[in-house]
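Please read the following report alongside the sequence and the model.

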Amino acid sequence: MKRLLACLMIFAAMACKESTTSIDIPAPTKTTYTSDTLHLSEKEYYDKVLGALVGSAIGDAMGASTEMWSRKDIQLKYGYITTLTPAVRQQSPEGTWGHNLIAGATTDDTRWKYAMVKYLSQNKGDLNAPNFANFITDYYASLTKSINDNGTIPETDFLDTQIEKIDWIKEWARVSMAYEKDTDSYLKAMNRFYGGEMSCAGQLYTPMFGLISNSPENAYTLAYNHTLFDIGYAKDISALVSAMTHMALRTKNIDSIINTATFVDPLRYQDSRLVGRIAYDMTDASVKKVLALKQLVLADTLTPKDSITFKIPEGFQGSHKDWTRQEMAYQFLEKNEKAIPFHSGEIWQILVTALQYGEGDFEKTLQFIVNYGRDNDTVAAVAGMILGAKDGYSNLPVTLRTQALKVNKENMGIDLEALAREMVAKKHMEF
C-alpha cells in the first residue's frame, strides 16, 4: 500500500510539472529610426548653408546688446526688440571684441561658427574627438606664441587683443590638452569647465555638424562624438541641435524638426532607468505649454489689474491677447530657470519653447527669444541656424540678412558668404 501511494505521488508531481505552462510574451522591437541620405543640388545646399550661417549671426547680433539681461530690463530700455540694435557694451572674451559696436555686431557664438568651418575644412573625412581637441590646442598655442614670437616687447594694444583671445579659448584649451594627455586628467578638467556647472558648450558649435551630415542620426552621432566639453544630458542636447539643424535641411515643417527630440535617440537616452530622457521631457513640457496657451480663451481687453502685469511693451505688434500668451510663456520659462543663464538645459528649454511658439516663423521666433533675455544671443544663434537652414538665405528677412552680412564682414572680420562657399567647395554633401 505504501509503495502504491509513493507511485501515485510521483505520477502526480510529474503531471503537475508537465502541465506548467511556459509563456514567452513577445515584446515590441525597439525601433531604430533611420533616414534616407539627403540629396540637394549645389545651389540649394549653398542657399541653406548660407541661410544657417547668416540666420545664426542674426540671432547672435539681436541678442548681443542685451545678453544676460532680464526681460523687464530689456523692456525698460528697448521696449520690444524687433531688429538689430547697437551692441552698447564693454568688450569681453565671450562677448564682442570691441566696445560699443554698431547694430549687427556678433559675439563668440558667431566666432565659433567661423572656427568650425576651418576645423571641417582641415579635417575633411576625419572628424573625431582627438582631431577636434588638437585643433583647439593648436589655436591656443598659436595665440600664446604670438605674444612674444620675435623676442621683442609687444605693443600694449596688441597684447590686450591677444590676451582677450586667449581668455576666450583657455577654458576650452585646458580641457583639450587634458584630453590629449590621459583619461584622468581629462575628467578632472572637464568637470571644472567654467566652474563645473552644466554650461552650454556644445550648442555653440554642434549645429554645424547638422549641415554636413547625410541623416539626422549621423548628425547626432557626429556631434555627440565632439561634445568634449559637455557633461550629463548636455551631451544629448548638443547632439540634438545638430540633428535638428539637419532636419531643417529636409523639411520646412517645424513640428517635424522639434520631433527630432522624440525619434532620434541613437544612444538610447530614453532607456535611462527612473530618469528617462530629460531633453525629451523638457521638449514635451514646452510643446504642451505653448499648445495650451494658444487654446486659452482670453478676454478682448485686459482688466486694470492685468494691464499692470501684462503691459504691452512698446514695439510689440500683436494684440493684448497675443502679449498675454507670450507673457505667460515667459513665466513658464522663468519657473524653469537654472543656476546660471548659460546652463545647457535652460537654453534647450527656451529654444524648444520658442520654436513651438514661433511656428517656424524666423522673426517671431527670434523676437520671442531675444526679448526673454537671459543668454538670449546663444539661444537665438541656435534657433537662427535651425530656421536659416530651413528657409535658406534667399528667404530670410532682407534687411536683417543684408546688415548681418555687411557688419560681420566689414566690422567683425567674418565673411559669412566666404565661409558658406568654403563649406560647399570642401564638401557637397560628401563629408
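## Basis of the model

This is a predicted model, in which local features need pLDDT of at least 70 and side-chain atom pairs count only at pLDDT 80 or more, while totals for chains, interfaces and linings use all residues. Residues are numbered from 1 along each chain as its sequence is written, and side-chain values use heavy atoms, with hydrogens and water left out.

## Overall fold

The chain has 20 helices and zero strands; these are DSSP runs numbered from the N terminus (helices H or I, at least four residues; strands E, at least two). Of its 431 residues, 52% count as buried. Buried means under 20% relative accessible area, exposed over 50%, and partly exposed in between, with a 1.4 Å probe and protein chains only.

Among contacts (heavy atoms within 4.5 Å) with a separation of 6 or more, 69% join residues 24 or more positions apart.

## Helices H2 and H19

H2 (residues 42–64) packs on H19 (residues 398–410) at about 85°, with the axes 9 Å apart. Axes are lines fitted to C-alpha atoms, for helices over the stretch in contact, and angles run from 0 to 180 degrees between N-to-C directions. The two helices are therefore roughly perpendicular, a class covering 65 to 115 degrees. Val54, Ala57 and Ile58 of H2 meet Leu400, Arg401, Ala404, Leu405 and Asn408 of H19.

In H19, the buried residues are Leu400, Arg401, Ala404, Leu405, Val407 and Asn408. They pack against H2, H4 (108–122), H17 (362–372) and H20 (416–426).

The largest nonpolar core has 118 residues. Such a core is a set of buried Ala, Val, Leu, Ile, Met, Phe, Trp, Tyr and Cys residues joined through side-chain atoms within 4.5 Å. Ile58, Trp112, Trp172, Phe229 and Trp348 have the most contacts inside it. Beyond its neighbours within four places in sequence, Trp348 touches Ile237, Leu240, Val241, Met244, Ala261, Ala279, Met282 and Thr283.

Helix H10 (residues 234–250) has end C-alpha atoms 25 Å apart, in agreement with the 24 Å that its 17 residues should span at 1.5 Å a residue. Of these 17 residues, 16 are buried, so H10 is largely enclosed by the rest of the structure.

## Positive phi in two loops

Methionine 68, in the loop between H2 and H3 (71–78), has a positive phi near 75° although the residue is not glycine. Its relative accessibility of 35% makes methionine 68 partly exposed.

Leucine 274 also has a phi near 75° and lies in the loop between H12 (260–263) and H13 (278–295). Leucine 274 is exposed, at 78% relative accessible area.

Conventions: Angles under 35 degrees count as roughly parallel, over 145 as roughly antiparallel, 65 to 115 as roughly perpendicular and the rest as oblique. The expected span of a helix is 1.5 Å times one less than its number of residues.
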